[in-house]
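Dear colleague,

I am passing on the structure we spoke about, and the sequence and coordinates are shown just below. After them I go through what was found, part by part, so that you can follow each point on your own screen.

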There are 2 protein chains.
Amino acid sequence: MGKKRNLYLKTIPVEEAKEKYMAVIEGIIEPEYETIDVREALDRITGQAIFARYSSPLFNASAMDGIAVKASDTDHASEAAPIILTEDKYLVVDTGDPIHPPFDAVIMAEDIVEEDEGIRITASAHPWQHIRPIGEDIVAGEMILPGNHKIRAIDIGVLLSAGILETEVVKKPQVAIFPTGTEIIEPEDKPEDGSIIESNSRMFENMVTAAGGVGHRFPPIIDDYDEIKNKVSEAVDKYDMVIINAGSSAGTEDYTVHVLRELGEVIVHGVSIKPGKPVILAVVRGKPVIGLPGYPVSAYIGFENFVTPIIQQMGRRPEQLTETLEAHISKRLVSSLKHKEYVRVKVGKVGDKFVAAPLARGAGAAMSLVRADGFCVIEQSSEGVDAGEKVKIELYRSKSEIENTVVVIGSHDLILDVIADIMPNEYKDMHVTSTHVGSMGGLMALRRGEAHMAPVHLLDEASGEYNVSYVKKMFNEPMAIIKGVHRIQGIMVKKGNPLGITNIADLAEKPVRYVNRQRGAGTRVLFDYKLKEAGIDTANIEGYDREMATHMAVAAAVASDGADAGMGILSAAKAMELDFIEVGPEEYDFAIPARHLELPHVKAFIEILGSDEFRSRLEELGGYSCDRAGEVVLI
Amino acid sequence: MGKKRNLYLKTIPVEEAKEKYMAVIEGIIEPEYETIDVREALDRITGQAIFARYSSPLFNASAMDGIAVKASDTDHASEAAPIILTEDKYLVVDTGDPIHPPFDAVIMAEDIVEEDEGIRITASAHPWQHIRPIGEDIVAGEMILPGNHKIRAIDIGVLLSAGILETEVVKKPQVAIFPTGTEIIEPEDKPEDGSIIESNSRMFENMVTAAGGVGHRFPPIIDDYDEIKNKVSEAVDKYDMVIINAGSSAGTEDYTVHVLRELGEVIVHGVSIKPGKPVILAVVRGKPVIGLPGYPVSAYIGFENFVTPIIQQMGRRPEQLTETLEAHISKRLVSSLKHKEYVRVKVGKVGDKFVAAPLARGAGAAMSLVRADGFCVIEQSSEGVDAGEKVKIELYRSKSEIENTVVVIGSHDLILDVIADIMPNEYKDMHVTSTHVGSMGGLMALRRGEAHMAPVHLLDEASGEYNVSYVKKMFNEPMAIIKGVHRIQGIMVKKGNPLGITNIADLAEKPVRYVNRQRGAGTRVLFDYKLKEAGIDTANIEGYDREMATHMAVAAAVASDGADAGMGILSAAKAMELDFIEVGPEEYDFAIPARHLELPHVKAFIEILGSDEFRSRLEELGGYSCDRAGEVVLI
């Protein structure tokens, strides 16, 4: 083996790591200030308090359209005994015009009558009526904004009216970001075998922006001790903080921790957090330097926990609290003795409760973060949570968005993406989210009240009918089937069909590495049915136990030579440029409790199924027909 | 008079105006798209759905550090019967390394032992163990983001790993902003009598930014019909929307509505909303053109109600919901038959309830917007709300910030600004807000449970003692006095004291225009006491009934020749460069119910009073002494 492995001695809990590091950091960082144009100051944080230079109004000003008068000239005027003010006794003023001695009152335009000799008034004016005194709004010398205040649009308006053109604000922390690794390539490079597209640093750049700093992303550094050392050492002199990505796990190429030990002090190496464990928290010449793991989810969670709070503190921004809600978790989550876990979840409002369904837990599953509506935390060494138990969810999306989302759980088909795309464009603020757990999985979720509807394609072997009998059997409440599409199932094989597969029997007879769908998937049910029909024992299918969760995953496995064949739909085969041996058409519909049919976003969903746009998108995909799409059948 | 006045025939309710205008706008606006670099796409809105170009991982990849093997080579390995794999049977791999045939499984580094002949394993590996299959995270062709989605940092990471370098996003609406008015000056110009510093357009620019558009602010246009017509006409061709500020009231100089009638169609002129009534909603050659009133608060509320929703709609951004809370209103608010009113409020959490205190209601009171924590809406022709009643507040600040704020209501002194400035700098996320209603007003608010403490300076004529007797008399619960400062009261007169005022008696004997403080203000109590002491009848004080709410407002009135004299504190006189005839020192303290003393933000407040920084800031202000500041006296 010969490679050096750098094992952490032990990891420490998240809170302890944070506390330990922040205690060091707080002693180091000093806020820095800069003076900028007030007009460019939106969302910046004030340094010291800001005091008005001018008053507003700048002078005693008329608060009305009318005439300025000397109040004493109007004494005793009444309907019975009107007074005529000659031209030297008044001045026509508009709202905002200045009022000077001897005038000390304004009479509204509505209350005067113009006559030949002058203006007739029928009521006396009391001193200072309808006059906005100088400084009524702002008095010169008055504090307009305190220090540490986030400047808003209205503040900019008021600062300018008070004569403030420039203001001192907290400097944005400048953060250097270094991707490392010999195998990583830039997104514009053509990927080769083993290459990993470097994208974390771009995510970090934008997370720095969101935290109120400025990210400076450098080109990837190869795995070379001196190279890393020199770059980090230079950056520490120029920037307020340095992030090093990857090379922080206990893998062979991680020089980061050794470099940081040589250059400065490593305060924490390894935190009991999942994903995100191999975090390095260090200080080099008075600057925070943080090493983050390479797996995207670990990188994200490490950043959120350890980098974001420091940038906010440097920039004197308040910690941003994420919206939270209480939701029922859809399956049991066990706690670990070794770490606190961040579980990404999809959240939906079904009936009157919020339901959270855990997503893929792997550190590499970046899409799980994109798909997630939020996360819940399973504390280290806790009792875990049972299915149905209430948990606190920290949201990535707004609660109102979640309330306007159709939650679809069940079998996967590309038409779900199509509907999810059409929905918010055609129906303002309405959304669809789908989770792919197969047909039976979807019906189970529906029964647990976690979804509005379940897309299913389940063949009843006895009747040859699709879907209806399964739904009837599993539910005690009035249900409906929303008709979806007919689609073609078949065997996907590599382009050119090198093994010459022509039917199901070939999968057992030829040396074929098959890749299957998970138990409960409609495609699995169909495959089992076809095997039985052909009298084939599953033991003769190599790879029968290798399960994948979607058509596309099966197609990808075949395309990449991870397998030779797998069953799936034509559109998936087309998407991955595979050959396709047709097995037959099937019905892909949506099972739904009748009580959900009247929800506005469910109605929108049904309308889309029946729309011309949906039909034309299906034609592009190919392999579908949809004569009855959008029809609702009560069962 | 001779000027033409442009009276609205009638105004229409806000909702009706919005509906009417939006119906027209929705028929006109088409979203426009542009293609940008994914790395720059933070917070932009996707156009169409985005599908993955590459899978991730790009290949079957090791999920562990260890060795890649062919699973069939490991069959039947056990502790009792280990298998030795020679060099041709395995490959050392790190996490993320590609796995190719014939290898189809990974054994973890921890589970192997290196020996001279090869690697010893003691358990069989099953096919595909510890391998992340190609596309496990993202499958090429899969939808990554739907249309109409706001791109986050994590999305950028995933798009890049899926090979997406550019993306189509909704174009930001381009909004032209025209200030109009002959009397307005730029903030950098020196103000002259009657000039108004133009700041609304800068506020609008930043409100456009906040709504997701790009503001283009033009130099002010003078009040000239053709000038306005030409500029607006040009702008309509180049921009997506045009805002014209001021000139939209029924004052003499408003050409806007006439211009818009000539150029296009005025859909609404005048809305029953206060502040904000003189709004003009028009369409010119298929573009929305909106005229907004000149008063800052009207301008702001008009913008929020009519401009922000259109920019959001053009940019396909969801309406941003502001945080709301339920609070007890501190005084009765009557409803108007004529309009819906937006009342700005300060909100505090005192005890276990939120309390909202209405701020100045004038349309010119821009500082009331800066000071406001939120607003409540009093519906047109409703029953209004009674003091103590619960109202819904839409918040400008976050609820958590409000919860960490010391609410101070009572007499005004500049030291409150000093404390408000020190607080968030020294105590993370803690704030002070103060409302100035005079000493007695503060005690009343305290009794109603609207404040944590009340700054007071009330002389007990009988005992000559300050504050204690008033507090004892008014409260039935255990109270405390937090000692504040000694400060000097006196008569403020213009620089050089042109009327030669030397004492209180001169105010009655000489031709002095006095300006008083409001009933219940400590300064008013002191003035009345001094008058009585000198045997002077208040009827002999010209301007005794003219009331101002703060020392600074009185000082400003004198400085601007709106009055000749007024009573106030030395620091106010100094701030406005006035002469000062000393009347005597007084005690300015804080009354507080004892139960509030243990609140963390109140403790911070007390610590600041006793701090060196506070003392040195007082020395800068002058006129104070503070030997006992921060001392807590239970009474």
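Where in chain B is the place of B:Arg317? Before I answer, please keep in mind that this is a predicted model, and that every value below was computed from that model.

B:Arg317 sits in the loop that runs between helix H6 (296-314) and strand E23 (324-329) of chain B. With a relative accessible area of 16%, B:Arg317 is buried, since the cut-off for that word is under 20%. Leaving aside the neighbours within four places in sequence, B:Arg317 is in contact with B:Asp43, B:Arg44, B:Ile45, B:Lys150, B:Ala211, B:Gly212 and B:Gln312. One of these, B:Arg44, is 273 residues away along the chain, yet the C-alpha atoms of B:Arg317 and B:Arg44 are separated by 9.0 Å.

Most residues other than glycine have a negative phi, and most peptide bonds are trans, so the following places may be worth a look on your screen. A:Asn497, which is not a glycine, has a positive phi of about 45°; A:Asn497 is found in the loop between strand E31 (479-493) and helix H12 (504-509) of chain A, and at 17% relative accessibility A:Asn497 counts as buried. Turning to the peptide bonds, the one from A:Ser56 to A:Pro57 is cis, with omega near -5°, and A:Pro57 belongs to the loop between strand E3 (50-51) and strand E4 (61-62) of chain A. In chain B, the peptide bond from B:Pro101 to B:Pro102 is likewise cis, with omega near 10°, and B:Pro102 is placed in the loop between strand E7 (90-93) and strand E8 (105-108) of chain B.

Next come the strands of chain A. Which residues make up the covered face of strand E27 (residues 390-395) of chain A? They are A:Val391, A:Ile393 and A:Leu395, whereas A:Lys390, A:Lys392 and A:Glu394 form the uncovered face. In a regular strand the side chains alternate between the two faces of the sheet. E27(A) runs antiparallel to strand E23 (residues 324-329) of chain A, to which five bridges join it, and in this pairing A:His328 stands opposite A:Lys390. Strand E26 (residues 374-378) of chain A is also antiparallel to E27(A), with two bridges between them, and there A:Phe375 has A:Glu394 as its bridge partner.

Strand E20 (residues 271-274) of chain A has parallel pairings instead. Over two bridges E20(A) pairs in the parallel sense with strand E1 (residues 12-13) of chain A, where A:Ile12 is partnered by A:Val271. Two further bridges join E20(A) to strand E24 (residues 340-350) of chain A, again in parallel, and A:Lys274 has A:Glu341 as its bridge partner in E24(A).

Finally, how are the two chains arranged? Chain A can be laid on chain B with an RMSD of 0.1 Å by a turn of 180° and a shift of 0.0 Å along the axis, and the two copies are therefore related as by a two-fold rotation axis. A:Glu323 is the residue of chain A that comes closest to the rotation axis, with its C-alpha at 5.2 Å.

In the interface, 112 residues of chain A are in contact with 112 residues of chain B. Because 100% of the interface residues of chain A are also interface residues in chain B, the copies meet through the same surface. Between them the chains bury about 9,000 Å², of which 59% is on carbon and sulfur atoms. There are also 24 residue pairs in polar contact between chain A and chain B, counting pairs with both residues at pLDDT 80 or more. The count of salt bridges between the chains is four, including one in which the side chains of B:Arg371 and A:Glu142 meet at 2.3 Å, N to O. Helix H2 (residues 153-161) of chain A gives the largest share of the side of chain A that touches chain B, namely eight residues.

With best wishes

Key
Residues numbered from 1 in each chain as written. Chains lettered and ligands numbered in written order. Predicted model: local features only at pLDDT ≥ 70, side-chain atom pairs only at ≥ 80, totals over all residues. Heavy atoms only, no water. Buried < 20%, exposed > 50% of the residue type's maximum accessible area, 1.4 Å probe, protein only. Helix = DSSP H or I, 4+ residues; strand = E, 2+ residues; numbered from the N terminus. Pairing = 2+ DSSP bridges. Least-squares fit on C-alpha atoms with pLDDT ≥ 70 in both. Contact = heavy atoms within 4.5 Å. Buried area = accessible area lost by both parts, 1.4 Å probe. Polar contact = N/O pair within 3.5 Å; in protein donor to acceptor, adjacent residues only side chain to side chain.
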